[in-house]
Amino acid sequence: MIRQLVGASLLLNLCLSAQAQNPQRFKLGEQELQHEVQFSQSISKQLAGSLKQRLMNAVKSGGLAGGIEQCKIAAPEISQYLEEKYSSKLISAGRTSLKIRNPQNLPDTWQKTQLQIFDQEQNKGLQPSYRYRVIQQEGRPVLEYISPIPTQGLCLNCHGEVLNMEVTETLRDLYPEDQARGYKAGDIRGAFIIRSWLDKSTTGMKK
Ligand code: HEC
């Protein structure tokens, strides 16, 4: 529903920087907006793929404890790699959750609401899907995209209800305030958050 509302409001000739001294007017059609959403989707897919690969390699060579240490290094590295690779368009690519392991992944109010909606949908047997909103950053329009991350079997080793001793100890050392456990397969573990500039489009968006 939010998706439709955002789409409809963008079809209007929105004044996206009403408070700026020189307000700029943007016109973004539904099709162009879908291109923007697809960009975010492709970034979240790349983030998911790289994270999983790094995680699996790390567990293979260093066991679960080594996997935790590698996750700590890999997560920010992969985000930074993508942010640099798509620097003209991408602002940030990261993750969040209602129960976080890394305190830096704390959700804001909007993200928290979307995560709660994902959980509600999941509990009703529906399949939660991505959502988005348009916000302002530095007086410029930004697309913020959020997509649910389901818990798979592999994840339970470090986010499940029962953790082995080695994992428990490594987590206690590296993440003393860890909340990211107690999950079951199929639960929504968290979400990818992708922010990108809407006025830096490759899809024909005009000022
Ligand atoms: C080897 C242990 C390990 C495994 C297996 C693992 N994770 Fe994690 N996970 C971590 C660590 C460590 C962090 C914190 C990374 C950081 O510091 O940014 C984390 C963070 C996260 C976050 C970011 C939100 C937060 O809590 O800070 C999400 C989302 C997440 N993991 C999902 C998954 C999913 C989905 C899987 C399965 C595909 C998975 N993890 C498997 C160790 C693991």
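The legends below describe close-up views of a predicted model. Local features are given where pLDDT is at least 70, side-chain atom pairs count only at pLDDT 80 or more, and totals for chains, interfaces and linings use all residues. Residue numbers start from 1 along each chain as its sequence is written.

**View 1. The shell around the ligand.** The ligand is surrounded by 26 residues, a residue being near a molecule if its C-beta atom, placed from the backbone, lies within 6 Å of it. Gly67, Asn102, Cys155, Cys158 and Gly190 are the closest. Helix H2 (30-85), helix H4 (156-159) and strand S6 (188-197) each supply at least two residues of this shell; helices (H or I, at least four residues) and strands (E, at least two) are DSSP runs, numbered from the N terminus. H2 gives the most, with nine residues.

**View 2. The largest nonpolar core.** This core has 23 residues, and Ile43, Ala191 and Phe192 have the most contacts inside it. Such a core joins buried Ala, Val, Leu, Ile, Met, Phe, Trp, Tyr and Cys residues through C-beta atoms within 7 Å, where buried means 20 or more other C-beta atoms within 10 Å of the residue's own, exposed 12 or fewer, and partly exposed in between. H2 provides the largest share of the core, seven residues.

**View 3. Alanine 74 in helix H2.** Alanine 74 lies in helix H2 and counts as partly exposed because it has 18 C-beta neighbours inside 10 Å. Leaving out residues up to four places away in sequence, alanine 74 touches Leu51 and Arg54, contact meaning C-beta atoms, placed from the backbone, within 7 Å. The C-alpha atoms of alanine 74 and leucine 55 are separated by 8.2 Å.

How values were computed
Contact = placed C-beta atoms within 7 Å.
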